[in-house]
Amino acid sequence: MLGRGGLITVLIFSLALAGCEVASFYAKEKLERGNKTAHVLLMTPDVQLGEVTAGGLVEPNAEWTAIAEKHVVAALKEQLAKRKSRLVLYRSPKADTPKARIHTQLIKLHNAVGSSILLHKFASPPLPTKEDKFDWTLGPQARIVGHEYGADYALFVYLRDTYTSPGRVAVMVLAAVLGVGVPGGAQIGFASLVDLKTGDVLWFSRLARASGDLRTPSAAAESVKTLLKDFPL
Amino acid sequence: MARLASLFILALLIAACVQYSLVKAEKVAIGDVYTVDAQIAWNKKTEGKTEIWTVDGPLLQELRFIKGIEDGDALFRGGAGKKLPPFKSKMTAIEIKELFETSLAQIGVARLKTLNLRPESFGKVAGFRFEFTYALKNGLEKQGFALGAVIDEKLHMIIYSGTRLHYYPKHKDDVERLVRSIRMI
């Protein structure tokens with residue numbers, strides 16, 4: 001069986017090859033809330049940066065990743081503020097309580113739901129019963145998290161950003177001379193918005209492109225803005 | 001990193017080969033041995049002698065019909081390089097439950113528990129049933145039940161499983177009605 005990280009990474013890599021920059025699915029195109037400020041719980045973003053080696057493998061870079069995490073959270077706060085929404089940061093429960101175990105299972109379930117959406121909505125094989133539907137959910141237990149934080153929605157963010165090493169550039173140049181296309185770095189990821197009253201996935205966006213940089217505040221802000229292009233709040 | 005590259009190739013191969021077809025909410029023949037009344041519409045794919053049905057995707061829930069595996073066949077596909085233990089036509093219900101446990105352990109699930117093995121009819125045929133729970137390597141908890149019978153020395157099983165949170169309970173009642181609707185052909 002594929003591990004969750006492996007499966008998601010693989011899926012997004014395969015999607016990145018498709019060449020479409022950002023695409024979304026909605027349960028609702030716009031969420032009605034009147035003048036009320038929406039409280040959005042940001043689940044710990046899953047971000048990793050790395051370098052593509054000459055052989056085409058990705059070498060994770062912890063320093064870049066730590067910097068990128070800060071930039072991504074700051075950019076998300078800014079984007080949500082523009083949408084009259086307040087970002088609340090999720091903190092994993094420390095004690096091993098029944099409630100903490102439900103939190104953990106909900107996060108793991110979201111990974112499986114996200115993988116299913118990527119596989120069956122963005123890639124292949126599609127599910128015939130889901131052809132005209134977008135009805136994935138985490139179920140009503142998501143209320144437990146919403147109630148604890150006083151949040152209306154949960155936002156999940158997954159980003160992988162890779163950069164081309166000098167060795168890889170040399171391989172790419174040589175391959176180009178020989179008429180073969182060899183990929184370099186890429187920015188790939190997804191975000192989803194979950195209704196914490198119902199558990200329903202309201203919006204799911206996938207980013208896949210050969211440009212972007214999460215190592216600087218302005219470029220990270222551009223990446224987050226692109227990822228949230230069709231955000232329903 | 002090599003693992004990532006191989007997973008990438010594997011995912012592309014899987015995506016290229018597997019297709020789902022629609023199972024309507026009506027009477028459906030499972031091979032040439034029995035029929036069931038599907039209570040809702042499902043998506044179906046076939047792997048050898050096994051049909052896998054799902055509503056939301058097999059990562060979330062699946063209904064597996066093992067259609068008459070014979071002496072020497074494995075219960076599940078083991079993946080690259082993994083040879084799973086074989087079914088033997090003279091196996092008892094306890095031995096089949098142990099085969100299920102050993103097979104899943106070799107596939108790599110964690111914390112597998114099987115519960116409440118008991119006699120239960122499979123249509124009009126004497127069979128067995130048990131419940132189970134396990135966790136994936138990443139810790140996601142699943143649960144399910146299995147109903148089976150050996151008919152003419154071939155093992156038939158219906159195994160329903162899904163995530164403990166939401167996706168297993170979501171269609172459990174539909175599947176309970178489905179297994180009660182088994183009619184031998």
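Let's call a residue buried under 20% relative accessible area, exposed over 50%, and partly exposed in between, using a 1.4 Å probe and counting protein chains only. With that in hand, here's a predicted model that scores ipTM 0.89 and pTM 0.87. Chain A has six helices and eight strands, where helices (H or I, at least four residues) and strands (E, at least two) are DSSP runs numbered from the N terminus.

**Chain A overall**
- Going along the sequence, the order in chain A is α-β-β-β-β-α-β-α-α-β-α-β-β-α.
- Of the 233 residues in chain A, 52% are buried.
- Take the contacts (heavy atoms within 4.5 Å) in chain A between residues at least 6 apart in sequence: 76% of them join residues at least 24 apart.

**Helix α6 of chain A**
- Helix α6 covers residues 217-227 of chain A, and its buried residues are Ala219(A), Ala220(A), Ser223(A), Val224(A), Thr226(A) and Leu227(A).
- Looking down the axis of α6(A), those buried residues fall within an arc of 160 degrees, so they line one face of the helix; the arc is taken from the directions from the helix axis to the C-beta atoms.
- Over on the other side of α6(A), you'll find Pro217(A), Ser218(A) and Lys225(A) exposed.
- The cover over the buried residues of α6(A) includes β1 (22-26), α2 (62-82), β6 (153-164), β7 (187-195) and β8 (201-209) of chain A.

**Strand β2 of chain A**
- β2 (residues 38-42) of chain A is mostly covered, with four of its five residues buried.
- β2(A) runs parallel to β5 (residues 85-89) of chain A, joined by five bridges; strands count as paired if DSSP finds at least two bridges between them.
- Within that pairing, Ala38(A) has Ser85(A) as its bridge partner.
- β2(A) also pairs with β6(A), again in the parallel sense, over three bridges, and here Leu41(A) stands opposite Ala154(A).

- Where pLDDT is low, the predicted coordinates should not be read in detail.

**Ground rules**
- Residues are numbered from 1 along each chain as its sequence is written, while chains are lettered from A and ligands numbered from 1 in the order in which they are written.
- Local features need pLDDT of at least 70, side-chain atom pairs count only at pLDDT 80 or more, and totals for chains, interfaces and linings use all residues, with side-chain values using heavy atoms and leaving out hydrogens and water.
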